[in-house]
Amino acid sequence: MRSIPFFNFFAGLDVLLSKSRGLRIRVVGLTIMALLPAFVLMIFTASESRRKAVIDIQENAIRLTELVAANQQQLIDGSRDILITLAQVPAVQNQDRPACLFFLSNVLMQHPLYANFGAADKSGNVFCMTLPQRIPVNIATEEYFHQAMESLDFSISKYQISATNSQAIITLAYPIIDTLGQPQGIVFANLDLRWLGQFTSAATLPKGSILRVIDPNGITLASYPNGEIEIGKVMPDSAIVQHVLDENVGLIQGNDVSGVSRLYAFTLLKASSNSDIHMIISIPTEAAFTESNRNLQRNLIALTIGAIAALITAWVVTQFFFLNQVNALVNVTQRLSTGDLTVRTNWKGGQGEFDQLARAFDDMAAA
């Protein structure tokens, strides 16, 4: 009859030992499984952050292109008003060169975005110009001159690279009309693309971004921050250029000639029917993710530190709360099996499974 408690106890102890094998590894594994959702959530959050970053960059780039297009139209409209006023000035109508030059110089000082103001007679001879005029200048062959003289209205030239300052300029002209309504010449203004510089300085574009303006042939008319290095040359990203010329307005993603992935936002800067140009803002794709990558790295470091602390805690706690009790039970059991019938666990109180097993061992040993 006394063999039954021994049998039941050793059977229970054997089950306990078999379950306790690798207990520490199992606890650590459970800890890792508990941490997995946090890692998954972090990755999902980072993915959403990157997606939002792309959307924000796209919206900012498109907003900037729209702002530049609106500003150019505003400048052109303002040029029309300025030239209409200049065409009524007596010094201009009378072709009084000294008085005209003095007046136009003051106008240029008040409107620094313009590169030049001038006036020409009906034969195209420029009799007054704010830029230094070392030799006689005749513009009779220029298309904008013929348009202004024939239509008796405001005309706009195509963008051209100026030989004077290597800047892309557009010429805006208005006819000088006498009291009989006959054209006596034109007043004109040269507007270059330097005004784009203030937009790139104020815009919050990521590092490595480039703003370019190209003509219908893909020739670079302006480039920031690359400056005059690219002006007058074909934009190197031929596939992007063709897409821009075909679509006029939009946003695409592609690789530049160096293989760098970029976002390209572009719009049409429409001055007149024959002076359309395109502005392109290219942004390195990776630069768009700088903030989200920084947040991901910070969160990953914090979560890794937390995970290491949790695993160390699980390792230590397993030893303290489980393995010490199991090892103690195994020790007294081995002593009992060698014939030491006086051995006892002497555990006091407690309602846990190990406490119950200890009391069962003591009862068995006593029996």
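Strand E5 is mostly covered: in this predicted model, 9 of its 10 residues are buried.

**E5 and its neighbours**

E5 pairs with E3 in the antiparallel sense, over 2 bridges. Strand E4, made of residues 160-161, also pairs with E5 in the antiparallel sense, again over 2 bridges. Then there is E6: 9 bridges join E5 to E6, and these two strands run antiparallel. Here is one facing pair from each of these pairings.

| Strands | Bridges | Residues opposite each other |
|---|---|---|
| E3 and E5 | 2 bridges | Ile156 and Leu172 |
| E4 and E5 | 2 bridges | Gln160 and Ile169 |
| E5 and E6 | 9 bridges | Pro175 and Ile186 |

How many residues lie between E5 and E6 in their hairpin? There are 5, and Gly181 in the turn has a positive phi of about 85 degrees.

When you look along any of these strands, keep one general point in mind: in a regular strand, side chains alternate between the two faces of the sheet.

**The helix that packs on the strands**

Now over to helix H5, which covers residues 143-151. Tyr144, Phe145, Ala148 and Met149 are buried there. These four cover an arc of only 125 degrees around the axis, so they sit on the same side of H5.

What do the buried residues of H5 pack against? They pack against strands E1 (114-121), E3 (155-156), E5 (168-177) and E6 (183-192).

Just after H5, Leu152 takes a positive phi of about 55 degrees.

**Two salt bridges**

A search of the whole structure turns up 2 salt bridges. One of them joins Asp153 to Arg80, with the closest N and O atoms 3.0 Å apart. Asp153 lies in the loop between H5 and E3, while Arg80 belongs to helix H2 (residues 23-86), so this pair ties together parts that are 73 residues apart in sequence. Are the two partners buried or partly exposed? Asp153 is partly exposed, with a relative accessible area of 30%, and Arg80 is partly exposed as well, at 31%.

The other salt bridge is between Arg262 and Asp256, where the closest N and O atoms are 3.0 Å apart. Here both residues are buried.

**An aromatic pair**

Tyr114 and Phe117 make it up, with 5.1 Å from centre to centre and 40 degrees between the planes, which is a tilted arrangement. Tyr114 counts as buried because its relative accessibility is 6%, under the 20% cut-off. Phe117 is buried too, with a relative accessible area of 0%.

**A last stop in H9**

Finally, find Asn295 in helix H9, which takes in residues 290-337. Asn295 counts as partly exposed, at 22% relative accessibility.

Technical notes
Residues are numbered from 1 along each chain as its sequence is written. This is a predicted model: local features need pLDDT of at least 70, side-chain atom pairs count only at pLDDT 80 or more; totals for chains, interfaces and linings use all residues. Side-chain values use heavy atoms; hydrogens and water are left out. Rings of Phe, Tyr and Trp (its six-membered ring) pair if their centres lie within 6.5 Å; planes under 30 degrees apart count as stacked, over 60 as edge-to-face and the rest as tilted. Buried means under 20% relative accessible area, exposed over 50%, partly exposed in between (1.4 Å probe, protein chains only). The arc is that of the directions from the helix axis to the C-beta atoms. Contact means heavy atoms within 4.5 Å. A salt bridge is a side-chain nitrogen of Lys or Arg within 4 Å of a carboxyl oxygen of Asp or Glu. Two strands pair if DSSP finds at least two bridges between them.
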